[in-house]
Amino acid sequence: MSKPDDMKIVEHCSNITASFCDLTDVWEVLPETYIPRVDGFRGNTMLVSCISDFFLATHVSLEPPDFDIVGSTNHINVIVKFPPVIPKILNGELLQYYLPLVIEEQSGKIVKKHHPKLNGNIIGNVTYVIDKLIPNTNYCVSVYFKSKDMGAINRSPVKCTFLQPGQETEF
């Protein structure tokens, strides 16, 4: 929408009978407004034509990233694995602005939110260290993207580890 381009036909979404078509691979720029149009036909007769617009940055809903945790004596390494679609439409700076990553640490009733800085390319895994933790304590971690529209948060399943004194590593 920021430039006056003509509508483009999405080939894998043409002449289909399904009620859904995945456009994930079509989006190119996160801070862009897209205008999809859906035309419904029976034979050569158009039955319906729907058009809408949406700002991808605020309407995109990303699944939470997969992650692993490795506990040590007084810290936890959180290894975040980004969904494969993210590097296509986002770089670290855009992700940080529109859908910041939040790593939530909980021990007992204490919840701390960590906001790791993501700079540059985000292909592959990112490791974040939660340090200055107390041994002999159970820590649980969840990871999610915080949406600008403050809608429902789509959290990853919680993973926990118990930090024991003198412990080398625990998965």
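Which backbone nitrogen does the side chain of serine 156 reach? In this predicted model, it is the one of valine 143, at 2.9 Å, a polar contact in the sense of a pair of N or O atoms within 3.5 Å, where within protein one must be able to donate a hydrogen and the other to accept it, and residues adjacent in sequence count only if both atoms are side-chain atoms. A word on the ground rules: the model being predicted, local features need pLDDT of at least 70 and side-chain atom pairs pLDDT 80 or more, while totals for chains, interfaces and linings use all residues. Residues are numbered from 1 along each chain as its sequence is written, and side-chain values use heavy atoms, with hydrogens and water left out.

Serine 156 sits in the loop between E10 and strand E11 (159-163). Because its relative accessibility is 7%, serine 156 counts as buried (under 20% relative accessible area; exposed is over 50%, partly exposed in between, with a 1.4 Å probe and protein chains only). Beyond its neighbours within four places in sequence, serine 156 is in contact (heavy atoms within 4.5 Å) with Pro64, Pro65, Phe67, Ser142 and Val143.

As for the overall layout, the chain has three helices and 11 strands, taken as DSSP runs numbered from the N terminus (helices H or I, at least four residues; strands E, at least two). Buried residues account for 34% of the 171 residues.

Val143 turns up again in the largest nonpolar core, which has 18 residues; Ile76, Val78, Leu101, Ile103, Val141 and Val143 touch the most other members. Such a core is a set of buried Ala, Val, Leu, Ile, Met, Phe, Trp, Tyr and Cys residues joined through side-chain atoms within 4.5 Å. E10 gives the most to this core, with four residues. Leaving out residues up to four places away in sequence, isoleucine 103 touches several residues, among them Val78, Tyr128, Ile130 and Val141.

Then there are the disulfides (cysteine sulfur atoms within 2.5 Å), two by count. Cysteine 140 and cysteine 160 have their sulfur atoms 2.0 Å apart. This pair links strand E10 to strand E11, with the cysteines 20 residues apart. The S-S torsion is about 105 degrees, so the disulfide of cysteine 140 and cysteine 160 is right-handed. The other bond joins cysteine 13 to cysteine 21, with S to S at 1.5 Å; its torsion of about -75 degrees makes it left-handed.
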